[in-house]
Amino acid sequence: MSKEIYLDGNATTCVLPAAIDAAVQAMRDCFGNPSSTHATGLQAKAMMDSVRQRAKRLLGVGNGRIMFNSGATEGIQTAVLSALCALRERRERGEAIGSLLVYGATEHKAVPEALAHWNRLLGLGLELKKLPVDADGRHDLAALRALAPQAAFVCTMAANNETGVVSDLVGIGATLVGSKALWMVDCVQGLGKLPLDLGNTRIDYAPFSGHKLYAPKGIGMLYVREGAPYTALVMGGGQEAGLRSGTENMAGIAALGAVLAALEEGGTFRSPTELYGFREKLATSLRAAFPGIVFNAPFDKALPTTLNFSVPGLSSKELLDVFDAANVRVSAGSACSAAKAAPSYVLDAMGLPAWRSSSAVRMSFGPLAGEEIIDEACTRIERCGQALRNAGLMDTPVSGTVVPEGLLQLSLAGNHTWLLLDAPSRQCIVIDHQAELGERIDSLLHSHGYKVSARLSTRDGGAETDSFVFGAHTVRRAALDSSHTGYLLCSGDKVDYAFTGLAALSGLAGKLPADALVCAGREEVNACCTSLRAEAQGSMAGADLNLDSIALARLLEAHPQAVLVDVRETYEQAACIPGGRAAESVPLSRLAAFVPGWLDAVDQPPLVFFCRSGNRSAKAAQCLRRLGYRNAYSLGGGIALASPALALAA
Ligand code: PLP
């Protein structure tokens, strides 16, 4: 396996070795309860106090307070609860508090969710108001100026987690001069990356999270300005001077302390100049790999450690898949599901076109990144670009790669389009074309020199003739029911494949040969291909369909002739660093083309399908099982969970 390159630092980071050592030491040697008055407790308390002092120095909190908690989501709740309780009291005293809870349109979801939750629970009835951002992702100060007189509480962030855009906190502070509003700044993405001098600002609350900067998950801090109202979220034994009850997470505090020490003492983390250099290298490789790439945040207004980009014609899922295959971990800029990527609310708020917002990818690293890793990342990025270009996904002429031929399935949002490709004549038939796939199909065909000879629709019976010759096959039209036309791909009199669109399979008995492979038009009808005989017999999935790595090792030992089948797409396979156990390559989009060969084999060996996460391989194995191939399996959890000992190509 090639070494993983982790470029998702804004989601979380690994733990600094010194932080691991500090946590272990806190658990092994300094395990006392800091509330105990004996020596063991006092030692623990001394450690905790020294971490707190360090945090206070680093963040310049002046007379403000720093309390330890579980992370930023808790810090945000505490700040919101504190502000809203104070507002309620002020209002009960007859003071004018304003009517708005203002929050930046690009805030982490924890902020508006917490505001809505506590506003409802406390019965405040204040109005949540989104503060717009400009095209660069920065808060619109003119809008804030207009809202300020009615603002009761303002929530902004130091730097954005999706784009890295750094807020103009000085400008926001200046805009709020004269306003009585309380102010929270979510500093999660700013720690260690931005100079913070909290005591010299009018910021009332600032939550931090350890795991975004090389401390473990489950430890965080909240800054509270001297004199800012405070209401405890957790009551009990009065720990943290009564601000947050519950015995402290001492291992977490010790680990956070080691990170803060590294920040304060220097020598561990890269300088801003080095980080800018790393971003330049990554951006140069990205531009070379993906011509047409657009960066979604201006570099001069963003942290150097975050690159958010979109590539015309490529979805974030495709980019994530290819990067993951190359063992480069990045994340989608938007919440993407298997079916369709949801647009990013952050990029939407910046007014970016929908395609950029729904296909964005975020690449982020931390200040611990090393030159060698960045250089290796650049090599892999260029490899990924090459893999996608060779697969015909970027509308550039390709050479030296295998020309796709036969049957190809393209799916979008659960709808299937089928392409029949005749390589000798470079002719293609498109069945049930989807407009959203238009560019993808054009680029695929164009790259490999194919021309569309017919577009057929199972919905309107688009073919003019009842049958026509296509390469070595004949395509025949078949009436399926009142609203669906089928197309049959035949070798002589034998129907090899039947394309049936949305027609219910249960109604097709007698209209198609029982063993013809049926390729439906929608996921719910069938994910890959099936036959009427298979449908009549019912499922053969069985509980043993998914193998874990132990079961796989056993199966391979008992059946050395077993075949591993990689169902990832060709560009993912090409992005893999060569090595690992030999596997047959059958992308899921090509599965239907391979099914007859497997079904006709005399000695059906075990077939173990695998992919990145186990979803596509499960579809492949289910398809084969349903069609009567008993020995079909899926590697559950995918390559991600397979034991490295199996050394699958990754
Ligand atoms: N705020 C920002 C800007 C974040 O990026 C995150 C984490 O993704 C959070 C808040 C929540 O932090 P935690 O995971 O510590 O609860």
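**Entry 1**

For the record, helices (H or I, at least four residues) and strands (E, at least two) are DSSP runs numbered from the N terminus. Contact means heavy atoms within 4.5 Å. Axes are lines fitted to C-alpha atoms, for helices over the stretch in contact, and angles run from 0 to 180 degrees between N-to-C directions.

I note that the model is predicted: local features need pLDDT of at least 70 and side-chain atom pairs count only at pLDDT 80 or more, whereas totals for chains, interfaces and linings use all residues. Residues are numbered from 1 along each chain as its sequence is written, and side-chain values use heavy atoms, with hydrogens and water left out.

Two strands pair if DSSP finds at least two bridges between them. Strand β16 (residues 427–431) pairs with β17 in the parallel sense over five bridges, and Q427 stands opposite K451 in β17.

**Entry 2: domains**

I consulted the domain assignment of the chain, whose bounds come from an automatic or database assignment. The assignment gives domain 1 (17–127 + 152–157 + 166–265), domain 2 (271–390), domain 3 (406–537) and domain 4 (546–646). Taken over C-alpha atoms, the centres of domain 1 and domain 4 are separated by 49 Å.

**Entry 3: helix α7 and its partners**

I looked up helix α1 (residues 17–28) against α7: the two pack at an angle of about 145 degrees, with their axes 7 Å apart. The crossing is right-handed; a crossing is left-handed if the near helix is turned anticlockwise from the far one by less than a right angle, and right-handed if clockwise. A18, A19, A22, A23, A26 and M27 in α1 meet M250, A251, A254, A255, A258 and V259 in α7. By class, this contact has 12 nonpolar, no polar and no charged residues. In this scheme Ala, Val, Leu, Ile, Met, Phe, Trp, Tyr, Cys and Pro count as nonpolar, Asp, Glu, Lys and Arg as charged, and the others, Gly among them, as polar.

I next took helix α2 (residues 39–59) with helix α7 (residues 250–265), whose axes come within 9 Å and cross at roughly 40 degrees. The pair is therefore oblique: angles under 35 degrees count as roughly parallel, over 145 as roughly antiparallel, 65 to 115 as roughly perpendicular and the rest as oblique. The crossing of α2 and α7 is left-handed. Among the residues making the contact are M47, V51 and R54 of α2 and I253, G257 and E264 of α7. I recorded 12 nonpolar, one polar and four charged residues there.

**Entry 4: α8 and α12**

Helix α8 (residues 272–289) packs with helix α12 (residues 371–390) at about 10 degrees, with axes 8 Å apart; the two are therefore roughly parallel. I noted a right-handed crossing. The residues in contact include F278, K281 and L282 in α8 and E371, I374 and D375 in α12. The contact divides into nine nonpolar, two polar and five charged residues.

Strands β26 (residues 607–610) and β27 (residues 632–635) pair in the parallel sense over three bridges, with L607 opposite A632 in β27.
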